[in-house]
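Open the model in your viewer and keep the selection panel at hand. The stops below are in the order in which to select them.

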Number of protein chains: 2
Amino acid sequence: MRFLIFGAGALGSLFGGLLSQRHEVMLVGRRVHMEAIRRNGLKIGGRTNLVVHPTAQEDIAEVESLDVVVLTVKAYDTEGALEALKPFWRKAAFLSLQNGLGNEDLLAERADRVLGGVTNQGVTFVAPGEVYHAGIGDTYIGPYRGTGLEEAAELVEAFSMCGIPSELSEDIRGELWLKTLVNACINPLTGLLEVKNGHILQSTFLTDVVREIVDEGLQVAALQGLHLDREEVLEKVWSIAEATADNISSMLQDLEKGRRTEIDSINGAIVERGREGGVSCPINSLLTNLVKALEEASPAI
Amino acid sequence: MRFLIFGAGALGSLFGGLLSQRHEVMLVGRRVHMEAIRRNGLKIGGRTNLVVHPTAQEDIAEVESLDVVVLTVKAYDTEGALEALKPFWRKAAFLSLQNGLGNEDLLAERADRVLGGVTNQGVTFVAPGEVYHAGIGDTYIGPYRGTGLEEAAELVEAFSMCGIPSELSEDIRGELWLKTLVNACINPLTGLLEVKNGHILQSTFLTDVVREIVDEGLQVAALQGLHLDREEVLEKVWSIAEATADNISSMLQDLEKGRRTEIDSINGAIVERGREGGVSCPINSLLTNLVKALEEASPAI
């Protein structure tokens, strides 16, 4: 299959690099990273040990035909990415492996064939041309709009044979919500308190807050016809916080580096969808406001 | 008059030092600070420039008789202080100049004559024997329980003639709530985000949160029969944040130094009083939980 990985940072480079072992892959990402890959190949360390040579470009000008666009840009860049990808709206299948709610809906407004994806792979950016595969996690792929289980199964097969453990999901909306609820707990709390993921489990003050975040989220999910099991969601939060106890969450990393976070598409998206349906989400709203205030803050000390 | 200042840290030392110019004052505080005062006197710098020599002790063993106990311990130490002060429950008037809600009620459960106080003096601890008077602010004193306007007026007079600008308040409960609501906004937000007080005015995300904190607080105040004007409270928050724009709030100072904060008697007290009256305060509750989690956190980085 012919893949275009659009937004090849840490995650996109891992997927694109692994896929390039058996498929035709073009990465599109930042110039300095792409230049390094063109020069020396893409180095993947950690749980994977590999140097591969996918095509790497700064834009899609040279792409003629392809089967699948894998979108791995930050959620706040989805609309811009879609404009750049307009030539493929009618021609390729679009798979999002992004964080938060709303990416697949934006895709489905433009592209004909959309698949939803959720991945628990852990990967960090080391330096231009190099990423670190910190933890192996499952990836779920399912039809979202204009696609069916067969098309999703083909992708699962393509991913799996390249060493990306993948599963077909008949309920990818549920998976997207589940991951978003986990992120809605771990990301803002670790970002605001500047603690590692595992700290959430060590404070009864925080486990109380986690339950409140989840309870609001479940009410909003129910508005959208999704009835997730509360205990299952909480169990997922605890198990992910434990499995990633020593990790610094993506939101804390973003805040430390003075970068914009994905809070709008995580807690902010829960608040927004709640508001549309008349469900108030004060806890998620406050966390969103605090993180957004932190994005624009300069430290006192 | 004969004053005992119990908990003579920064604020208590300022008040005791100024009062000692014309009154008999005994400071009770931490050993190292008291020893320095016994050795070299109490040095007050900043807006006041003074070296005074009040009596300074580690406990009340040598106190025989006095007129007024001024309580300036942290709110979470009020109960312990009251036990130590048992010999004076029937004999002296008790004035609290502490932060938060509930101190005067604790006093009134034990002592016969209780006055409420609110001060906007700004003072920081420099070193043993030395405090810095950062900003001159008004002090309000009013009868709370077992006391009347005359007794409060005598104290106002005693304070004023020592250079402590003071006013008689006929509604000290309202003043206490007003100051607590201001603290409930400025303290946790600056503490969590690690920003100076003025930053609150620069972020629309935070001004939104301030309104939510105040709205919950006003509902709880109303439960207790206090009807504060919303615009007046908000105006007070903005003006104090502006007047103290470059200050590092006491809560941020406490968190930076790994000390316990007064969150329980500020936002926590609002939540608790709300719960007793069936009013839910999710915003103040979340802020309380986050600050308490931060008190026990060790930084990730």
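**Before selecting**

This is a predicted model, in which local features need pLDDT of at least 70 and side-chain atom pairs count only at pLDDT 80 or more, while totals for chains, interfaces and linings use all residues. Residues are numbered from 1 along each chain as its sequence is written, chains are lettered from A and ligands numbered from 1 in the order in which they are written, and side-chain values use heavy atoms, with hydrogens and water left out.

**Stop 1: both chains**

Select chain A and chain B together. A rotation of 180° with 0.0 Å of shift along its axis puts chain A on chain B with an RMSD of 0.0 Å; the superposition is by least squares on the C-alpha atoms of residues with pLDDT of at least 70 in both copies. The two copies are thus related as by a two-fold rotation axis.

Chain A gives 34 residues to it and chain B gives 33 residues. Of the interface residues of chain A, 97% are also interface residues in chain B, so the copies meet through the same surface.

How much area do chain A and chain B bury between them? The value is about 2800 Å², with 71% of it on carbon and sulfur atoms. Buried area here is the accessible area (1.4 Å probe) that two parts lose on being put together, summed over both.

Between chain A and chain B there are two residue pairs in polar contact, both at pLDDT 80 or more. A polar contact is a pair of N or O atoms within 3.5 Å; within protein, one must be able to donate a hydrogen and the other to accept it, and residues adjacent in sequence count only if both atoms are side-chain atoms. Zero salt bridges are found across this interface, a salt bridge being a side-chain nitrogen of Lys or Arg within 4 Å of a carboxyl oxygen of Asp or Glu.

On chain A, select α6 (172–193), α7 (199–202), α8 (204–223), α10 (250–256) and α12 (282–295): each supplies at least two residues of the side that touches chain B. Helices (H or I, at least four residues) and strands (E, at least two) are DSSP runs, numbered from the N terminus. The largest share of that side, 10 residues, comes from α12(A). By type, the side of chain A that touches chain B has 20 nonpolar, seven polar and seven charged residues. In this count Ala, Val, Leu, Ile, Met, Phe, Trp, Tyr, Cys and Pro are nonpolar, Asp, Glu, Lys and Arg are charged, and the others, Gly among them, are polar.

**Stop 2: two residues of α12(B)**

Select B:K292, in helix α12 of chain B. With a relative accessibility of 14%, B:K292 counts as buried; buried means under 20% relative accessible area, exposed over 50%, and partly exposed in between (1.4 Å probe, protein chains only). Leaving aside neighbours within four places in sequence, B:K292 is in contact with A:F205, B:I263 and B:D264.

Next select B:N284, also in helix α12 (residues 282–295) of chain B. B:N284 has 0% relative accessibility and counts as buried. A polar atom of its side chain lies 3.5 Å from the backbone oxygen of B:I213.

**Stop 3: B:T147**

B:T147 is in the loop between β11 (139–145) and α5 (149–160) of chain B. Which backbone nitrogen lies 3.4 Å from a polar atom of the side chain of B:T147? It is that of B:Y144. Not counting residues up to four places away in sequence, B:T147 touches B:R113, B:V114 and B:L115.

**Stop 4**

Select α4(B), residues 103–110. Six of its eight residues are buried, so this helix is largely enclosed by the rest of the structure. Among the elements that its buried residues pack against are β6 (68–71), α3 (78–84) and β7 (93–96) of chain B.

Last, select α11(A), residues 267–276, where seven of the 10 residues are buried, so this helix too is largely enclosed by the rest of the structure. Its buried residues include A:N267, A:I270 and A:R273. Their cover includes α4 (103–110), α6, α8 and α12 of chain A. After α11(A) comes A:G278, with a positive phi near 80°.

Technical notes. Contact means heavy atoms within 4.5 Å.
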